[in-house]
Amino acid sequence: MEYPLISEYQEAVRMAEDSLGELAALRPVLDAYGAPVMSSGNFAVVFKMRDSVSGKLYALKCFTKEQPGRRERYRRIADELELVGGNYILPIRYLEKEIFVDSPQCECEEFPVVLMEWVEGETLDRYVTRNIDDRYALEMLSYRFNRMAAWLLAQPFAHGDLKPDNILVREDGTLVLVDYDGMFVPSMEGEKARETGSPDYRHPLRTDSDFNEHIDDFAASVIALSLRAIALNPSLRASSSRKDTMLFNESDFRDPATSTLLAELQRLTFDKPLSTLLGLFWIALSRGSLDAVSFRLFLSDRPEKPEVESEPGPEPTTELEEVYSTKVTEEDIENGWRDEYGVVYSADRKRLLRAPEEIKEYSVLPGTKIIVNRAFSCCESLTSIHLPEGITSIGDWTFSWCKSLTSIHLPEGITSIGDLAFGGCESLSSIQLPEGITSIGNLAFDGCKSLTSIQLPEGITSIGNLTFDGCESLSSIHLPEGITSIGNSAFDGCKALTSIHLPVGITSIGDWAFDGCESLKSVELPASVTSIGYDAFPEDCKVIRK
């Protein structure tokens with residue numbers, strides 16, 4: 001069964017009163033640019049919705065891929081969670097044929113959704129990054145996670161994909177688990193797992209046959225140990241060999257005797273809580289579960305808040321550091337400067353903030369440094385745009401759903417392209433990426449149906465999740481030698497892609513990375529590849545080790 005594109009779901013959600021059935025009272029929460037607030041992952045896109053009657057906020061999950069047995073699985077999960085109390089996990093509702101979407105690629109017009117309470121917060125990993133210099137905040141996070149882990153391990157069910165991205169930190173510091181696709185509940189006893197979790201947080205020997213209430217044990221021990229270690233020595237995070245994990249990676253589990261990280265943690269065993277957590281890690285690694293020990297071993301004393309000492313303020317300076325952010329507020333726009341086309345810039349003309357949706361052609365002012373998040377989002381009539389030299393960054397969603405944009409030249413000097421920067425640009429057939437770009441965001445070219453080829457410049461080290469998802473005309477792509485990882489569903493649905501050269505040095509290929517690449521018949525894997533995700537290649541694609 002084919003599912004709509006994210007851009008098609010977005011259009012349906014805009015007209016929720018007509019598109020939804022039982023949930024017709026829901027309305028999308030819009031951002032400063034009038035676009036629905038949303039986030040996306042491997043299988044689905046989640047929209048922030050508000051009940052027009054009660055005012056309560058909800059998360060509406062719409063699926064982008066088929067999963068066999070989804071309806072029955074969600075029914076069982078919903079039944080189990082209805083009986084669960086506490087704040088760590090939320091009840092859900094699964095509604096079949098709930099949202100109407102007009103999609104030319106789909107035979108059906110009505111699709112399922114999952115509804116749950118909306119949680120305001122940030123992922124565990126982002127919270128750690130933001131508070132890396134605040135030891136008390138990190139210690140409190142470790143303490144709270146350990147309490148949640150102790151609670152979870154005592155339950156008859158398991159989350160199934162316990163990792164930082166699936167743990168949210170609320171504004172008050174409390175934690176909640178999200179994304180229940182891989183969950184085990186008692187009524188599933190004897191079945192196989194439909195997913196086995198992320199490699200950097202699952203037991204190295206776990207298979208789909210390992211599906212019971214203990215599948216979270218190893219991940220819980222990994223995250224608990226990581227958080228305590230980072231609180232004690234934040235530099236461990238900075239020196240981690242991979243930046244897409246909290247601390248550990250899969251190689252530490254497969255060959256612990258050679259792990260420099262585990263050797264480093266031995267030096268921290270003067271700390272009793274860390275010493276205990278390290279012991280739990282070794283038990284979970286050797287046994288595959290923690291069924292032989294008490295979950296109470298995760299519990300520790302609550303950290304004491306340090307007394308605040310007054311410190312002298314910073315020395316006055318006469319120089320102001322120029323910082324240009326891709327984020328924008330309504331206040332920025334209200335105080336901005338408008339040109340004759342209605343395009344809004346910051347007062348200093350350094351940032352382009354917003355363009356009117358009806359704009360068709362435009363040349364960005366010389367001297368502009370940043371095009372901020374969503375600046376041209378949903379400018380469906382935009383056919384051409386000229387970017388001057390000197391621009392350094394294109395923000396998130398900047399040109400998303402510019403359906404008439406056919407080509408764009410990015411000048412030298414641009415170093416980053418944000419998440420969904422060109423998502424939904426279905427007419428975009430060519431784009432030249434300049435040397436110097438080091439970062440391309442998740443879903444950056446999602447749904448660019450007309451894009452036929454692209455050359456990634458030297459300096460790119462990773463391809464994010466869903467970066468080229470749905471680029472069905474993409475027949476060729478050059479991966480530079482510096483690429484080390486390909487994210488989940490990075491090339492999913494690239495039906496015309498006939499070959500791909502994976503450079504020496506690449507180490508990991510994410511889940512469903514080339515799923516749906518029906519023209520891809522063979523791939524040569526360099527010896528450097530140590531991690532291949534779930535269903536990374538089509539079933540009939542021959543994978544050859546060099």
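This report looks at a helix pair, some aromatic rings and one serine in a predicted model.

## Two helices side by side

Let's start with helix α6 (residues 217–232) and helix α10 (residues 272–287), which pack at an angle of about 150° with their axes 9 Å apart. Anything over 145 degrees counts as roughly antiparallel, so that is the label for α6 and α10. The crossing of α6 past α10 is left-handed.

Who touches whom? On the α6 side, the residues include Phe218, Val222, Leu225 and Leu232, and they meet a set in α10 that includes Leu274, Leu277, Phe281 and Leu285. Sorted by class, this contact has 14 nonpolar, one polar and two charged residues.

## Aromatic rings

The structure holds 26 aromatic pairs. One of them joins phenylalanine 63 and tyrosine 74, a tilted pair at 6.0 Å centre to centre with 55° between the planes. Phenylalanine 63 sits in strand β4 (residues 57–63) and tyrosine 74 in helix α3 (residues 70–81), so to speak eleven residues apart. Both phenylalanine 63 and tyrosine 74 are buried.

Now look at phenylalanine 281 and tryptophan 282: their ring centres are 5.4 Å apart and their planes are at 65°, so this pair is edge-to-face. Phenylalanine 281 is buried, at 0% relative accessibility, while tryptophan 282 is partly exposed at 33%.

There is also an aromatic cluster, with Tyr341, Tyr362, Phe376 and Phe537 among its members.

## A closer look at serine 485

Serine 485 lies in strand β24 (residues 485–486). Is serine 485 buried or exposed? Its relative accessibility is 13%, so it counts as buried.

Setting aside neighbours within four places in sequence, serine 485 contacts Thr461, Ser462, Ile463, Ile506 and Ser508. Its C-alpha atom is 7.8 Å from that of glycine 510, 25 residues away along the chain.

Notes:
Residues are numbered from 1 along each chain as its sequence is written. This is a predicted model: local features need pLDDT of at least 70, side-chain atom pairs count only at pLDDT 80 or more; totals for chains, interfaces and linings use all residues. Side-chain values use heavy atoms; hydrogens and water are left out. Axes are lines fitted to C-alpha atoms, for helices over the stretch in contact, and angles run from 0 to 180 degrees between N-to-C directions. Helices (H or I, at least four residues) and strands (E, at least two) are DSSP runs, numbered from the N terminus. Angles under 35 degrees count as roughly parallel, over 145 as roughly antiparallel, 65 to 115 as roughly perpendicular and the rest as oblique. A crossing is left-handed if the near helix is turned anticlockwise from the far one by less than a right angle, and right-handed if clockwise. Contact means heavy atoms within 4.5 Å. Ala, Val, Leu, Ile, Met, Phe, Trp, Tyr, Cys and Pro count as nonpolar, Asp, Glu, Lys and Arg as charged, and the others, Gly among them, as polar. Buried means under 20% relative accessible area, exposed over 50%, partly exposed in between (1.4 Å probe, protein chains only). Rings of Phe, Tyr and Trp (its six-membered ring) pair if their centres lie within 6.5 Å; planes under 30 degrees apart count as stacked, over 60 as edge-to-face and the rest as tilted.
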